[in-house]
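Hi,

Here is the structure I promised to pass on. Have a look at it first, and then read my notes below.

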Amino acid sequence: MRPLSLLRLTALALAAVLLTLGASRRAAAADGPTTRIVSAGGPYVTLAAALAEAQPGDTIEVHGGTYPGPVVVEVPGLTLAGVDWPVIDGGGDGTVVTLAAEGLTLRGFVVRGSGSEPDRDHAGVTVTADGITVEGNRLSEVLFGVFVADADGAVVRGNDISSQPELDLGRKGDGIRLWYSQDARVEANNVHGARDVVAWYAEGLILRGNTISGGRYGVHLMYCDDALIEANRLLDNSVGVYTMYSRGVTLRANLLRGQRGPSGYALGFKDADGVEASGNVLVDNRAGVFLDGTPFTPGSTSVFAHNVLAFNDTGVIVLTAVQGNVFRANTLWENVEQVAVQGNGRAGANTWTGNYWSDYAGYDADNDGVGDTPYRAERLFESLIAREPTLRALLYSPAVQTLELAAAAFPIVRPQPKLVDEAPAMQPGPLPEWAAPPPGDGRALAGAALALLAAGGLVGGIGLARGERTMRIRVTTSVTAPAPAADEPALRVRGVSKRYGRAQVLSDVSFEARPGEALALWGANGAGKTTLLKAMLGLVECQGHISIAGHDTRRAGKQARRQVGYVPQEAAFYDLSVTDTLAFYARLKRADAGRIAALLDRLGLAEHARKRVPALSGGLKQRLALAVALLADPAVLLLDEPTANLDAEAQRDYLALLAELRGQERKTIIFASHRLEDVEALAQRVLLLEHGQLAAVLTPAELLARLLPQLELTLWVPAAQRQDALSVLTGRGWAAHGNGRGTVVVQVPAEHKLQPLQALQAQGIRVEDFEMTRGPRWN
């Protein structure tokens, strides 16, 4: 026999090694799943090496450290378990982790750094096989968070997910996306700073116990039959939960607060059937419930029961064609508009029964907890808003109050009722404990109001004592709005922003004002002064928070408005006498008419009380506008260009009057002005607005020094003393000259503006009047 060649011996040895290795693998598989350790000290130092040798059912335990992506797992039944938060970093390219075999589990990892191409679905974790669990991970700086595609029975649980922070909201990916994936469970995740949580063609979805905030659609369902949406918290998204083209969706015990995008629906439904929404709390949204084509199938029904809808701009919006919904035992509390019907025609045939309405004015004679007269939603102005939404700008104005007065007095102008609740509840439903904001939440005012609602402390209505032959009306009213304590701010503005289309008019404006303090709003045209005043009045929607005398303008609008008096730049009045005008506004404001005589005397209007308003001078009209603002004895006065249309004498008198109100009656005064004289005479602080931002908070002297480093004083001096005046001024080193108006003009630094007057007075030279303008060195 010929000896074996060296090459053949090597080949035989290699084959023996491979046979031995295969046998050991088969033995390991026969012995059961193996735990493979990945760490800096081994036995595996890379995740890829452990995956290469993993068998179905194994556990790969990965210890702290950073491991490169992408990671693709194709062995069924593996569990990848992180210890001490190991990081899988995709380096900004593609999808970081792909789970592509059945029965996988990914737990305890930090997953970060995906690519950013939406058309390639770059994600932190992509799931493409059935029965996969992704739980307890932290995903950040990823375009999409967890993307489940054509994979049934997925579990996405207990993850913290955010998108790529540098991207605009519409460009971010979805925190969680389900696509053609049935029977998925999405539970206890915290999704923030991502675009949507969205499910397409995901029947049998359970979405429970998640917190979803700062997104576009909190939850968006498309063709998701038999979905359960339960015990989630949706906070500060553009839209809360929007359901489209789905049947049998149940929404239960969810908190939806602060949905204030362009539509701002807490719960929205389009062409959906068999909806059941119960026990949800919808607070501080643009709209609580929106219904379009729901229910979709003729003869089917959707039920809304035991929900709390409070402090929303609109409680429920239904399109005119919508019918077949049942609203039962809900609490509608202090929504600006309880129900709106949008579109032409009458409201559809929906059922409203046993709901609590905070604006119900009926009574309960037999004390059975049910109002004895129906609740009717038929306010005229609300009907006009439904046809023309831009009329919202007039909310709370005297024009609206006049319309409602006319509607009540003259049936010919009454609108058709939007709904009738034949059996309104006299008490609100219980508020779940989980709905109150946690301690330290900036929305504690709404939480406190809701807590009072739950306790019955804010219940308004009329009761009738049982068994009495004569009706004895027992009225329980809302909590009164006392003026703030001396050491408490009368006005708080926090993070107020406002955008009109692409124009940012206000950006994160914050300040406080205390009782007896006057603040001037100063800035160029377009700086945001008037918009800020309107935001404080509640006339424009804005982001952020404003409270007046402790009442949030959004959640406790009525109480806040009781503490505000507003004086516009040009007040418009009817052709009535001064006294009749004040009496008219006292009725509209439900103010004490007994204050009228004192106000006439206080504001110097008593001798003009019988004059008709068109006969008054501009200064007297402005005083009348101030009297109207003071009728309800508000804590805060808001004024827009208070002296713009007054002559010099009327300006001085009016500013002196405002200063007395500030000093003697401790009124807080906020005024917008472009006149330095107003600021110096009245303001203690100046809010300098530039391009919608609060650029600085200054004293009047600091503003003057900033704006007018060089002043030009024009002095009216008797003709006989003008030459002496010039000699005194030039002798002090100031540039001075006479002009053709018979006056003396002198230029001085702004901080020395009073010195020329003092110098002339010391020499016995009388200055009859003066004015200040910007000097030639002003920049």
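One cut-off before the rest: a residue is called buried when its relative accessible area is under 20%. Keep in mind that this is a predicted model.

Take Ser 497 as a test case: buried or exposed? At 13% relative accessibility Ser 497 falls under 20%, so it counts as buried. You'll find Ser 497 in strand S45, which covers residues 491–500. Leaving aside residues up to four places away in sequence, Ser 497 touches Gln 504, Leu 506, Ser 507, Asp 508, Cys 542 and Gln 543.

Zooming out, 50% of the protein's 779 residues count as buried. The protein has 15 helices and 58 strands. Among contacts with a separation of 6 or more, 58% are between residues 24 or more positions apart. The accessible surface is about 34900 Å², and carbon and sulfur atoms make up 52% of that.

There's also a sheet to look at. It is open, has six strands with mixed pairing, and runs in the order S50-S51-S52-S47-S53-S54. Strands S50 (564–567) and S54 (693–698) are the edges, each pairing on one side only. From one strand to the next, the twist averages 20°. S53 (residues 685–690) and S54 run antiparallel and are joined by five bridges, and Leu 689 sits opposite Leu 694 in S54.

Two helices pack on this sheet. Helix H11 (residues 648–664) touches S47, S50, S51 and S52, and its direction makes about 160° with that of S51. Helix H13 (residues 700–707) touches S47, S53 and S54, at about 115° to the direction of S54.

Cheers

Terms used:
Residues numbered from 1 in each chain as written. Predicted model: local features only at pLDDT ≥ 70, side-chain atom pairs only at ≥ 80, totals over all residues. Heavy atoms only, no water. Helix = DSSP H or I, 4+ residues; strand = E, 2+ residues; numbered from the N terminus. Buried < 20%, exposed > 50% of the residue type's maximum accessible area, 1.4 Å probe, protein only. Contact = heavy atoms within 4.5 Å. Areas by Shrake-Rupley, 256 points an atom, 1.4 Å probe, with all protein chains shown as cover. Pairing = 2+ DSSP bridges. Axes fitted to C-alpha atoms, helices over the stretch in contact; angles between N-to-C directions.
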